[in-house]
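Okay, hi everyone. Let me put the model up, and then I'll walk you through the sheet.

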Amino acid sequence: MTDHLLVPMDSSPMAKRALEHALSTRPDARVTVLYVIDYIEESYGARALIGTEKLRERAQQRAEELFEEATEIADEFDEAIQTETVVGDPAREIVVYAEDHDIDQIVIGSHGRSTMSRILLGSVAEDVTRRAPVPVTVVR
């Protein structure tokens, strides 16, 4: 059976590097590129979409642009990819997607933040690594 890899994508160079790493080291794997649209606000235990319709349209457009870039990268490796978009907190949604879609491994880019920045802002890659139900490869 072919492994199923999940590669979360944003516009960072490290995300693109993570996709290249997944495609070059696991050419036999099925690869899903996931973009998480993050315009969720939590208050009093409830989650709600925030922003205007225009903001949502721009987020969808950005997802399509990222998927075009991801497809171009996959074409360079003569590989096909699947793409998915979800809405929510990036770290949480990546973990949930892995749990719900029979993912065997997550390959994620690190933003290379400084220690202080990670303490103040957190790190999606760090959260995913800590919470994921499958092995995680962090690409720098």
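I'll go from the sheet to the helices, and then to a single residue.

Quick housekeeping: this is a predicted model, where local features need pLDDT of at least 70, side-chain atom pairs count only at pLDDT 80 or more, and totals for chains, interfaces and linings use all residues. Numbering starts from 1 along each chain as its sequence is written, and side-chain values use heavy atoms, with hydrogens and water left out.

So, the sheet. It's open, with five strands in the order β5-β2-β1-β6-β7 and parallel pairing. Strands here are DSSP E runs of at least two residues, helices are H or I runs of at least four, both numbered from the N terminus, and pairing takes at least two DSSP bridges. At the edges sit β5 (82-87) and β7 (136-139), each pairing on one side only. From one strand to the next, the twist averages 25°; axes are lines fitted to C-alpha atoms, for helices over the stretch in contact, with angles from 0 to 180 degrees between N-to-C directions.

Strand β1 (residues 4-8) pairs with β6 (residues 105-109) over two bridges, and Leu-5 stands opposite Gln-105.

Now the helices. α1 (residues 13-25) lies across β1, β2, β6 and β7, at about 145° to β6. α3 (residues 90-100) lies across β1, β2, β5 and β6, at about 145° to β2.

Beyond its neighbours within four places in sequence, Val-136 contacts Ile-106, Ile-108, Val-128 and Thr-129, contact being heavy atoms within 4.5 Å.
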